[in-house]
Amino acid sequence: MKIVVLSLAAVVLPAALAREHMNEIKIMEGHKKRSHIVSPLPHTYLVEDDIPDNWNWDDVDGKSYLTKHLNQHIPHYCGSCWAHGAVSALQDRIKIARKGEGHDINLSIQYILNCGGETAGSCHGGYHTGVYELIQQTGFIPFDTCQPYLACSAESTEGFCPHIDTTCSAVNTCRTCGGFSDSGGECVELDYFPNATVAEYGEIGGGIFDMFEDPAKRAHKIKAEIYARGPVATTINADPLRDYAGGILDDETASTDTNHIVSITGFGRDPDTKQEYWIIRNSWGEYWGEMGFARIAAGKNMMGIEDHVAWVTPGTFTVENVPCSEDGEFCGGEIQNHGQTPSLMKFVGQTYVDPSVAFMAAKEAKFSLRTKLGAEYILETIRG
Ligand SMILES: *[C@@H]1O[C@H](CO)[C@@H](O)[C@H](O)[C@H]1NC(C)=O
Ligand SMILES: *[C@@H]1O[C@H](CO)[C@@H](O)[C@H](O)[C@H]1NC(C)=O
């Protein structure tokens, strides 16, 4: 009887519901270096008791450390979820490093689309760690105020994409347009611009033997990474997300085959049911989900969410510029030598310090305190 009802339901299901999400995950041929790890990973110095049940970067004692919500699908469709998830996590971590002070730094996803075709991806799919390799390779990602999102990459024929040039060039890295073209104005590149860099990146899961890893251990690694350093980017099966209507998504029948990338911005435990969940931020605008977020059951690789979790740490990010003229001709009084080797330009950057440095120092202090107390105890015992 049940089978009959099910097949009947399948017949009357509208075509839109049956439609599969386009696979936006694609590892480009030029993405060779899947990780660059120097500092100890958070799960190696944090034990389960160090991590709270609930941690949400959108609400740390009432303050949000997340950067703005994004929408990859406007002004027209572009399969750039991977760039949105990866860049959002990076700029959140810069915000965390700045203790939430000042204007948020918003980074250029369009630059990734313009220049990341070989390594990172396009409107037809890409990969989170490819974004981090690209930024490390080229040495920067510009702020988005000199290369805003257009939802186009070179191969896209969607919307106005065939009419604009999104190939990788200096003017498609960072530009200014100093006047109307019919009065002699033109768009030119800037040699110097506020930017951010990548120090380290890697992936939790994804290794050859990782499929045999205990799910609880995996969840601990992900939680430690989020708690110590900030949001991460992850692959996920987006099919159950399409019609997500709020609450904790826990569908045992959902496939773990992934086709989408989002960021994980926190985790929690339902006070009544005790169910653990991840808080994800999508790039489909705030009209979707719970104001752009969704909660997904944690610790059981729901929809493949724990299979390929990418993390990144920033290197430097610009906090002070040298003023450039609006038409891009002079920067700090120096004439720009477009395309030539840049001369000295004194933009000031802030350098990120990995939290492991502070954790290790605190641990060492505790340890030496303990040995000191131990020595005192021994001395007293001897004297006594
Ligand atoms: C980044 O975006 C946020 C949200 O729109 C905005 O408040 C902030 O001023 C932007 N930052 C810069 C440097 O433009
Ligand atoms: C990027 O910013 C740093 C300072 O944060 C600066 O030294 C460097 O010149 C900038 N790079 C470009 C290409 O403008």
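Me: What makes strand β8 and strand β13 (residues 309–320) a pair?
Reply: Two bridges join β8 to β13, and the strands run antiparallel. Strands pair if DSSP finds at least two bridges between them, so β8 and β13 qualify. T234 stands opposite V309 in β13. This is a predicted model: local features need pLDDT of at least 70, side-chain atom pairs count only at pLDDT 80 or more, and totals for chains, interfaces and linings use all residues. Residues are numbered from 1 along each chain as its sequence is written, while chains are lettered from A and ligands numbered from 1 in the order in which they are written.

Me: Why is β8 called largely enclosed?
Reply: Strand β8 covers residues 232–236, and five of the five are buried, so the rest of the structure largely encloses it.

Me: What makes helix α6 mostly covered?
Reply: Nine of the 11 residues of α6 (residues 128–138) are buried. They are H128, T129, G130, V131, Y132, E133, L134, I135 and Q136. After α6 comes G139, with a positive phi near 95°. Across the chain, 40% of the 384 residues count as buried.

Me: How many helices and strands does the chain have?
Reply: Eight helices and 16 strands. Both are DSSP runs numbered from the N terminus: helices are H or I with at least four residues, strands E with at least two.

Me: Which residues are around ligand 1, and how do their classes divide?
Reply: K68, H103, D104, N106 and T145 are around ligand 1. Each counts because its C-beta atom, placed from the backbone, lies within 6 Å of the ligand. The shell has three polar, two charged and no nonpolar residues. Asp, Glu, Lys and Arg count as charged, so K68 and D104 are the charged residues.

Me: What is the shell around ligand 2 by class?
Reply: Five nonpolar, four polar and no charged residues. Y192, N195, T318, F347 and G349 come nearest of the nine around ligand 2.

Terms used
Buried ≥ 20, exposed ≤ 12 C-beta atoms within 10 Å, placed from the backbone.
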